[in-house]
Amino acid sequence: MTFIRALYVSIRFWLTWLGFAVAFVLAYAFPVLLPLVQVALAVFGLLVLIEALLLFRPTGPNALFARREAPDRFSNGDANPVTIFLESRYPFRTPVDVIDEIPVQFQRRDVLFRATLSPRESQLIRYQLRPTRRGEYRFGALNVFVMTPLQLLKRRFRFDADQMVPVYPSFLQMRQYELLAATNRLNEVGIKRIRRIGHSMEFEQVRPYTPGDDIRTINHRATARRTNPAGIELMVNAYQDERSQPVYCLIDKGRVMRAPFEGLTLLDYAINASLVLSNIALLKQDRAGILTFANEVNQVLPAERKPGQLQKILELLYRQRTGFLETDYESLTLTVRHTIRQRSLLLLFTNFDTANALHRQLPYLRRMAKDHLLLVVFFENTELRSLLDKPALTTEEVYMKTIGEKFSFEKRQIVRQLQQYGIQTILTAPQNLTANTVNKYLELKARGMI
């Protein structure tokens with residue numbers, strides 16, 4: 001039974017049988033062809049038998065080895081590498097077909113790879129998977145179909161059954177921003193270099209001048225000491241930023257955050273941006289915390305700077321799910337008032353489609369803005385923007401464009417209304433969310449508002 005389950009026939013086998021069927025039909029009309037067709041059929045049967053012996057007899061069940069190598073966890077919204085290791089122990093050249101049973105969440109049926117292995121050769125097959133939902137992803141078996149150079153029969157090998165890989169918020173994006181921050185290259189991902197307006201009076205060190213430093217901080221005595229015939233090396237005083245300021249990401253999980261964009265929901269974009277911002281805040285010596293809410297406040301992680309804080313944030317964000325209920329801002333305001341006692345920067349990730357939607361929640365936003373620095377982050381409708389940028393050629397398109405202009409105007413009106421009450425705002429496309437949020441945080445920090 002094991003032999004039968006592992007034996008498959010190729011398309012070449014069936015095409016050959018089709019050729020024999022045609023040949024026998026022709027032999028009925030031309031009897032002289034019948035002996036030739038019979039001999040060819042006998043030779044074909046012998047070749048099939050020899051090929052079966054070659055596939056199943058040389059080294060038994062260990063004739064081929066394969067292994068899937070995937071990361072311990074996937075990063076949501078990013079391309080994650082998967083590697084398949086193949087090793088042939090056959091004494092002849094073997095074409096192989098590799099079918100990897102990837103998790104059902106990807107809804108792909110095209111993960112088929114073809115390779116040719118020389119005798120006792122090893123080979124790597126690399127591909128990438130981009131998940132768009134957090135949670136547990138289960139791989140099935142790794143199926144390898146081995147053939148001889150005749151390619152009439154196939155022998156199937158199965159490896160790595162039932163491998164589970166969790167999908168976490170985009171930690172790859174977080175590491176990218178962390179690396180660029182460490183090498184002073186954040187401008188490559190859209191982070192602006194922001195000149196600090198003023199500084200604290202706590203002196204830190206004297207260091208060489210770099211472009212963008214405030215020329216008012218030049219230390220003339222240190223510069224004079226470093227001057228030599230080769231030229232002048234400017235030295236500046238460096239001051240320590242204000243540290244240990246609480247920074248909270250308030251993440252709305254209501255129905256408005258279920259809207260999709262490029263496979264990810266707005267909630268996933270907010271979660272990925274929150275993870276990056278929390279890491280940047282910790283690197284800036286601030287304290288980072290998370291609060292999630294929908295029809296009620298779900299989880300609150302107090303802002304801390306402890307060594308395991310980032311891992312706590314990652315685990316909390318991994319478990320978040322959005323629902324279809326309306327968001328309760330009254331419950332959010334009460335929780336913020338009783339839980340967050342120290343003045344903090346609150347980044348509220350939500351979405352307002354109309355001015356009426358804002359008016360219902362505006363009293364609660366103003367109440368939070370009295371005690372904290374509130375930054376409301378909501379999203380542009382990118383499909384609406386593409387509609388507005390396209391010329392209207394028919395009456396229907398003119399009508400649709402007029403409606404689109406109305407919604408776009410309401411978005412801009414929401415920004416103005418929030419700013420009238422001293423509430424900071426970011427209106428951004430989902431793909432620019434992380435860069436715009438980090439830019440705003442660094443701007444507020446440079447202006448000494450937190």
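The crossing of helices α2 and α3 is left-handed, a term used when the near helix is turned anticlockwise from the far one by less than a right angle (clockwise would be right-handed). Welcome to this structure, which is a predicted model: local features need pLDDT of at least 70, side-chain atom pairs count only at pLDDT 80 or more, and totals for chains, interfaces and linings use all residues. Residues are numbered from 1 along each chain as its sequence is written, and side-chain values use heavy atoms, with hydrogens and water left out.

**A pair of helices**

Helix α2 covers residues 11-29 and helix α3 residues 34-56; their axes come within 9 Å and cross at roughly 160 degrees. That makes α2 roughly antiparallel to α3, the word for angles over 145 degrees. Helices here are DSSP runs (H or I, at least four residues), as are strands (E, at least two), numbered from the N terminus. Axes are lines fitted to C-alpha atoms, for helices over the stretch in contact, with angles from 0 to 180 degrees between N-to-C directions.

Who meets whom? On the α2 side, the residues in contact include Phe13, Trp17 and Phe20, while those of α3 include Leu41, Phe44 and Val48. Contact means heavy atoms within 4.5 Å. By class, twelve of the residues are nonpolar, two are polar and none is charged. Nonpolar covers Ala, Val, Leu, Ile, Met, Phe, Trp, Tyr, Cys and Pro; charged covers Asp, Glu, Lys and Arg; the others, Gly among them, are polar.

**Salt bridges**

Side chains of opposite charge can pair when their charged atoms come close. The whole structure holds 15 salt bridges, each a side-chain nitrogen of Lys or Arg within 4 Å of a carboxyl oxygen of Asp or Glu. Here are some of them.

| Pair | N to O distance |
|---|---|
| Lys154 and Asp97 | 3.3 Å |
| Arg138 and Asp162 | 3.5 Å |
| Lys411 and Asp353 | 3.7 Å |

Lys411 sits in helix α11 (residues 395-420) and Asp353 in the loop between β19 and α9, 58 residues apart. Lys411 is buried, at 10% relative accessible area, whereas Asp353 is partly exposed at 42%. Buried means under 20%, exposed over 50% and partly exposed in between (1.4 Å probe, protein chains only).

Lys154 lies in strand β10 and Asp97 in strand β5, so the pair ties together parts 57 residues apart in sequence. Both residues, Lys154 and Asp97, are buried. A network of salt bridges links Asp97, Arg114 and Lys154.

Technical notes
Angles under 35 degrees count as roughly parallel, over 145 as roughly antiparallel, 65 to 115 as roughly perpendicular and the rest as oblique.
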